[in-house]
Amino acid sequence: MKGQNGYLTVYMALCIGVILSLCLTLIEGARRSGAAMEAACVADIGIQSVFAEYHRQLLEQYNLFAIDSSYGTASPGPYNTEARLLYYLEKNVDLEDIRWTSFGYRDFLKLRVDGIEMTKVSILTDQGGGVFRRRAVEAVRDDIGLSALTELMEWMEVIEVNGLDTAQTQQEKEAADKSIREYEYEDEEGEQHVGVENPTMVLEEKRGLGILKLVVEDEDKLSKTTLNTSGLIYQRMKQGKISQGNLALEEAVWMEDLAERLLFQEYLLRYMGRYGQDEGKEALHYQIEYLIAGKENDIDNLRSVANRICALREAANAIYLWNDPVKNTEVELAAQAIGAALGLPAIAPVLKVTMILGWAYAESVYDVKTLLSGGRVPLMKDEASWHYGLTTALSGELGDSSQGGYGMSYEDYLRVFMTLIDIDKLTGRAMDMVEADIRMTDGNGAFCLDGCYDRLEFDIRMSSAFGYEYQLDRTWSYY
């Protein structure tokens, strides 16, 4: 009996040793796996928490997600974002907020954060604003129909074929007027004379008043807002004083594609103000006009755009007058009659040129006024859309406008002019507007677009008190 009892005790001791070793191995394996899983979860949650701190005003006003690395201070930089991530990581491995930890709970994993480093970053201003353009396109891609883009491309083709954007109509008019002023002739008594009366003199006096006085009902009601652009992002980019990211993203590089560019322009029209659609809360009220003209005040920007529309309309209207047989004949007969009355039939061809170009200018003033009033004007006119007669045009009575019509709106002409601008210049000015607008909101007086991150890559190092070490590489983005 004693021998049998001793045999059982030894057997049980051996079994318990094996079972205990197995249990401890399982526990250690569970600890190792649990620590690895917790490290991964803590890293992901921490980065998600960092990305949850996107800039609220940037999203509300411009539908763009980005982390403002300044966090409301005047010093943006990666160290601020690293500090935020470190805060969230340590909070998620810290057990101080758990009650009764000293009595009923022990940390089975005992993780700690050894260090973090932001190894790569993509900034909205990278690639000369290419990241900003790409994110803007993504914000509107699903909302813009291809029909609008097709129509704009058709307008651009008409402009290019007819040379409307390069025409020198006003210079041609000035040359014709100079020929009339310097025209030399002899009267019946043989005396030499220089110059005759110009039939478009009244129109030229009107032109000298400036376009805004001719096309705006009350010039005093126009915005007088000014903007100092010297400290904004476009100037800092030119001076090489911006932060640069180092995350080479293929999708961040601007694709030289016309459809992509037109989508970017639609984004600008949707999220920025212009004449007739300004809320009065922006750094500049006529923001689209600033993108086109680049002046530092609303008046100059609107004047520049109005002059450009007028010049384009002059070229288009002159083409119509030269090619319309009825109106061309009407001008020719009038020029011959004036030349005959002066006893100078040889001057009739020069008079015809100045009268056609003067008529085109008068019609262009009507067009611009119609557009600014909310009406529409076709790119190339016909008999049905032509407004002024020759006599009315030369009299200088240019007070008419229409809020109806068909063809292109003022916004459409803005689309055309944006398409004609260098893409880098358009992007830089657009970023100026975004930066200036955000700086007007509470707590964002030092906001900088080159401190806005949209994709980050982190190297996170964590370890356990039980001897495990983990290195986690994480890349996160809003897109």
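A salt bridge, as I use the term here, is a side-chain nitrogen of Lys or Arg within 4 Å of a carboxyl oxygen of Asp or Glu. Please keep in mind that this is a predicted model.

By that criterion, aspartate 450 and arginine 236 form a salt bridge, with their closest N and O atoms 2.9 Å apart. Where do aspartate 450 and arginine 236 lie? Aspartate 450 is in the loop between helix H18 (423–439) and strand E5 (452–464), and arginine 236 is in helix H10 (residues 233–238), so the pair ties together parts that are 214 residues apart in sequence. Is aspartate 450 buried or exposed? Its relative accessibility is 7%, so aspartate 450 counts as buried. Arginine 236, at 12%, counts as buried too.

Salt bridges can also share partners. One network of this kind joins Glu266, Arg274, Arg376, Glu411, Asp412 and Arg415.

How many salt bridges does the structure hold? The count is 30. Another of them is between the side chains of arginine 84 and glutamate 53, at 2.6 Å from N to O. Here arginine 84 sits in helix H3 and glutamate 53 in the loop between H1 and H2, so this pair links parts that are 31 residues apart in sequence. Arginine 84 is partly exposed, at 25% relative accessibility.

A local case is glutamate 204 with arginine 207, where the closest N and O atoms are 3.3 Å apart. Both residues lie in helix H8 (residues 201–207), 3 residues apart, or about one turn of the helix. Glutamate 204 has a relative accessible area of 24% and is partly exposed, whereas arginine 207 has 16% and is buried.

Next, the surface. Tyr11, Met12, Ile16, Leu20, Leu24, Ile27 and Phe108 make a nonpolar surface patch of about 680 Å². One of these residues, isoleucine 16, is found in helix H1 (residues 2–51).

Last, the backbone. Most residues other than glycine have a negative phi. Asparagine 63 is not a glycine, yet its phi is positive, about 55°. Asparagine 63 is placed in the loop between helix H2 (56–62) and strand E1 (67–68), and is partly exposed with a relative accessible area of 29%. Tyrosine 71, also not a glycine, has a positive phi of about 50°. Tyrosine 71 is in the loop between E1 and helix H3 (78–93), and at 28% relative accessibility it counts as partly exposed.

Conventions
Residues are numbered from 1 along each chain as its sequence is written. This is a predicted model: local features need pLDDT of at least 70, side-chain atom pairs count only at pLDDT 80 or more; totals for chains, interfaces and linings use all residues. Side-chain values use heavy atoms; hydrogens and water are left out. Helices (H or I, at least four residues) and strands (E, at least two) are DSSP runs, numbered from the N terminus. Buried means under 20% relative accessible area, exposed over 50%, partly exposed in between (1.4 Å probe, protein chains only). Patches are made of residues with over 30% relative accessible area and no salt bridge: like charges are joined within 9 Å, nonpolar side chains (Val, Leu, Ile, Met, Phe, Trp, Tyr) within 5 Å. Accessible areas come from the Shrake-Rupley method with a 1.4 Å probe; for residues, only the protein chains shown count as cover.
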